[in-house]
Amino acid sequence: MSSTKVVVVGAGPVGSLAALYAAQRGFDVEIYELRNDLRDPTTVPLNFTKSINLALSVRGITAMQQAEPNSAEGERKLLDHVLAATIPMRGRMIHGKKVTGELYEEGQDYDVHGRTIFAVDRGGLNKRLLDVLESMPNVKFFFNHKLTGADFRKRKAWFEQRTGSAPQEIEVDFDLMVGADGAHSSVRYQMMKFTRVDYEQSYIDTLWCEFQIQAKAQYDLAQPMSRFRISPNHLHIWPGKEFMYIAIPSEDGTFTCTLFAPGDKYAYLESNPANVPSFFDHYFPGVTDLIPAEELIASFNRNPHLPLISIKCKPHHYSSSVVLLGDAAHAMVPFYGQGMNAGLEDVRTLFTFLDRFPASEWGHALDEYTAYRVPDAHSINDLALQNYTEMRASVLSPTYRLRKFLEES
Ligand code: FAD
């Protein structure tokens with residue numbers, strides 16, 4: 001067993017995968033997580049929402065696949081388990097109303113060869129990674145530990161331990177710290193005291209709130225897919241031009257839906273939530289057939305109205321002692337469905353560089369990693385912003401449809 005110690009801050013999907021890659025290489029791995037263990041049913045989920053359904057794509061899948069390099073074909077336990085709980089989405093389903101008043105749906109496949117992305121429950125994916133880590137002898141978890149300080153020259157960090165009646169500070173040594181502590185990263189904040197970090201943060205004028213389409217109460221048991229009220233194999237979009245509503249399928253026959261709209265639209269609805277159903281009827285025709293008006297209002301009142309942040313920074317590391325991954329390095333708006341996928345890809349990419357050098361020369365590996373990864377991270381961030389226009393408006397334009405038709409014929 002190596003004596004190299006890797007401390008991962010943040011046990012979200014990205015930190016957990018990074019811990020797995022490090023543990024598989026024989027390093028001593030410690031994971032410090034602000035919140036309680038996600039697998040404990042009393043834990044308040046991230047963003048205070050019941051679940052976030054995400055689109056998992058080939059970036060994320062490849063990164064998980066490569067976390068199992070020694071597994072024989074057919075024994076890919078992590079990936080098999082994660083993929084078993086997903087639903088393939090072959091394309092978008094655009095919902096609208098014709099001038100005649102008739103509702104329509106239009107499928108737009110993502111790929112001419114039928115390749116799909118997958119709807120996955122973020123919590124479920126995260127829990128599976130934690131289960132795998134738990135079985136590894138060289139991994140230790142420290143839940144309810146908040147990073148409060150770090151000295152990246154002396155390779156020491158301080159955590160507030162929130163397990164007892166009064167919080168206590170503990171000191172932790174490390175060889176490499178992986179900062180996977182999300183958009184409001186403390187690791188990033190501490191790292192900025194040691195190196196000149198170019199940092200760009202913006203909030204877009206869009207809030208999001210979660211809703212649900214329930215499964216059918218009665219359906220043909222021999223045909224489980226008949227539980228879904230709309231096609232389970234699509235990412236559904238109600239484009240509102242300036243804003244939009246989307247629905248992503250869940251394994252239990254429900255859909256997790258999200259209203260993305262500017263602050264003034266939210267303020268209008270917050271001032272009188274009784275207007276929510278008529279707002280939906282006007283901009284997102286057909287939704288009130290799927291979610292009763294009183295449920296729409298209740299979800300709008302109950303679920304938080306959350307902002308969307310976009311962050312770019314450079315470098316992603318300091319010396320050989322710390323590196324930022326996932327949202328800590330490049331939080332992006334969700335419209336390209338790539339935030340978590342790109343974070344998982346960070347892990348795979350980082351280890352291709354670390355694997356080329358002995359631990360004593362990781363400074364070179366991290367220099368090369370930043371040089372390679374930052375331009376890609378910035379690009380996906382920009383693409384994510386651009387894709388909002390595509391999803392909420394361009395999918396409706398005749399030019400877009402003509403271009404798609406020509407591409408596919
Ligand atoms: P996080 O999931 O934020 O995890 C960070 C962890 O660090 C948390 O557990 C936190 O408690 C912990 N932490 C924070 N501070 C500290 C501290 N001081 N000390 C210790 N621990 C700390 N991505 C996709 O790929 N596809 C999608 O379809 C998609 N859809 C999205 C839809 C919405 C509405 C939103 C908001 C995001 C979406 N994303 C999507 C983005 C995705 O959710 C994030 O990119 C992903 O969760 C980032 O993972 P992470 O592990 O880097 O950070």
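Rings of Phe, Tyr and Trp (its six-membered ring) pair if their centres lie within 6.5 Å; planes under 30 degrees apart count as stacked, over 60 as edge-to-face and the rest as tilted. With that in hand, here is one aromatic cluster to look up: Phe211, Trp238, Phe243, Tyr245, Phe279, Phe280, Tyr283 and Phe284. Keep in mind that this is a predicted model, where local features need pLDDT of at least 70, side-chain atom pairs count only at pLDDT 80 or more, and totals for chains, interfaces and linings use all residues. Numbering starts from 1 along each chain as its sequence is written, and side-chain values use heavy atoms, with hydrogens and water left out.

**Around the ligand**

- The ligand has 29 residues around it, and the closest are Glu33, Ala55, Arg122, Asp327 and Met340; a residue gets onto the list if one of its heavy atoms lies within 4 Å of the molecule.
- Sorted by class, that shell holds 13 nonpolar, ten polar and six charged residues. Here Ala, Val, Leu, Ile, Met, Phe, Trp, Tyr, Cys and Pro count as nonpolar, Asp, Glu, Lys and Arg as charged, and the others, Gly among them, as polar.
- At least two shell residues come from each of α1 (13-24), β2 (28-33), β3 (53-56), β9 (145-151) and α11 (339-354). These labels are DSSP runs numbered from the N terminus: helices are H or I with at least four residues, strands are E with at least two.
- For polar contacts, look for pairs of N or O atoms within 3.5 Å; within protein, one must be able to donate a hydrogen and the other to accept it, and residues adjacent in sequence count only if both atoms are side-chain atoms.
- Asp327 puts a polar side-chain atom 2.7 Å from an oxygen atom of the ligand, while Ala55 has a backbone N or O atom 2.7 Å from a ligand oxygen.
- On its own the ligand would expose 1,000 Å², and the protein buries 91% of that; the areas come from the Shrake-Rupley method with a 1.4 Å probe, and for residues only the protein chains shown count as cover.

**Strand β7 and its partners**

- Four of the five residues in β7 (residues 117-121) are buried, where buried means under 20% relative accessible area, exposed over 50% and partly exposed in between (1.4 Å probe, protein chains only).
- Strands β3 and β7 pair antiparallel over four bridges; two strands pair if DSSP finds at least two bridges between them.
- In that pairing, Asn53 sits opposite Asp121 of β7.
- β4 (residues 87-89) also runs antiparallel to β7, with three bridges, and Met89 has Ile117 as its bridge partner there.

**Aromatic pairs**

- The total is 27 aromatic pairs.
- One of them, Tyr32 with Phe142, is stacked, at 4.5 Å centre to centre and 5 degrees between the planes.
- This pair links distant parts of the chain, with Tyr32 in β2 and Phe142 in β8 (residues 139-143), 110 residues apart.
- Tyr32 is buried at 3% relative accessible area, whereas Phe142 is partly exposed at 22%.

**Two buried strand residues**

- His236 belongs to β14 (residues 234-239) and is buried, at 0% relative accessible area.
- A polar side-chain atom of His236 lies 2.6 Å from the backbone oxygen of Ser231.
- Ala247 belongs to β15 (residues 244-249) and is buried, also with a relative accessible area of 0%.
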